[in-house]
Amino acid sequence: MGIRERWIDVLHRAATGTRRTRTLLTPIGVLVFCAFTALFVFAALGVDELLRLPRLLPEGARIFVSIPVMMVGVAITAWSAVHFLKVKGTPVPFNPPPKVVDTGPYRYARNPMLTGVFIFLFGVGFAVNSVSLVFLFAPLFVLVNLWELKEIEEPELEKRLGGEYIEYREHTPMFLPGFKPRSRTDA
């Protein structure tokens, strides 16, 4: 069994384990995700400084750009989290909802919470005036999360929720409404 399969198995065992275990793992999962996200921000700021990159926006403009972008990201993330909490789950893969959530923003995208985080991260890039965060590290963050979702979380969801999740995945785009995945028969 490879590392990927072991990680899927660990995630599955935690997600189907006792309520106490899931509750204990939830804050750890939140802290790890926040630290991972912050790592991208600090790395971008370091690269900007090291390479003496120019500022992204004029000083007076960054607030007018960053605040609305960050607010949209927070609103989408919060709206998504509420729908997970309604079915007694959390955004943390160790303590997920017991069934497919297809209400609210989940009617339009499988991962609207992450979409909100991505938007927020771009807003942070504008707030701190970081060229490398907006054009390098935030897109890299999106790609890393995309890989993790495809390789770890979605196989675990398929294993745990079966056909219900497979059908939902086939009809709902990953991040952006209107960008439906192509089926294998469309190719």
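A helix here is a DSSP run of H or I with at least four residues, numbered from the N terminus. The model in these exercises is predicted.

**Exercise 1. Find the element that holds Glu154, decide whether Glu154 is buried or exposed, and list what Glu154 touches.**

Step 1: Start with the element. Glu154 sits in helix 5.

Step 2: Turn to accessibility. The cut-off for buried is under 20% relative accessible area. Glu154 has 5%, so Glu154 is buried.

Step 3: Collect the contacts. Leaving out residues up to four places away in sequence, Glu154 touches Arg110, Leu149, Tyr165, Arg169 and Met174.

**Exercise 2. Describe the largest pocket: its space, its lining and the elements that supply the lining.**

Step 1: Take the volume. The largest pocket holds about 1300 Å³ of space.

Step 2: Look at the lining. It consists of 44 residues, and those nearest the pocket centre are Phe33, Pro91, Val92, Pro93 and Glu153. Two or more lining residues come from each of helix 1 (3-15), helix 2 (19-51), helix 3 (61-86), helix 4 (112-127), helix 5 (131-161) and helix 6 (163-171).

Step 3: Find the main contributor. With 11 residues, helix 5 gives the most to this lining.

Step 4: The lining residues of the largest pocket split into 31 nonpolar, 7 polar and 6 charged.

**Exercise 3. Arg52 and Asn129 have positive phi values. Which loops hold them, and is each one buried or exposed?**

Step 1: Recall the background. Most residues other than glycine have a negative phi.

Step 2: Examine Arg52. Its phi is about 50°, and Arg52 lies in the loop between helix 2 and helix 3. Its relative accessibility is 73%, so Arg52 counts as exposed.

Step 3: Examine Asn129. Its phi is near 60°, and Asn129 lies in the loop between helix 4 and helix 5. Its relative accessibility is 1%, so Asn129 counts as buried.

Conventions: Residues are numbered from 1 along each chain as its sequence is written. This is a predicted model: local features need pLDDT of at least 70, side-chain atom pairs count only at pLDDT 80 or more; totals for chains, interfaces and linings use all residues. Side-chain values use heavy atoms; hydrogens and water are left out. On a 1 Å grid over the protein atoms alone, a cavity is a set of points where a 1.4 Å probe fits but cannot get out, and a pocket is an open set with protein on both sides within 12 Å along at least five of seven lines; lining residues have an atom within 4 Å of a point. Grid points are joined across faces, edges and corners, and a volume is the space filled by probe spheres set on the points. Ala, Val, Leu, Ile, Met, Phe, Trp, Tyr, Cys and Pro count as nonpolar, Asp, Glu, Lys and Arg as charged, and the others, Gly among them, as polar. Buried means under 20% relative accessible area, exposed over 50%, partly exposed in between (1.4 Å probe, protein chains only). Contact means heavy atoms within 4.5 Å.
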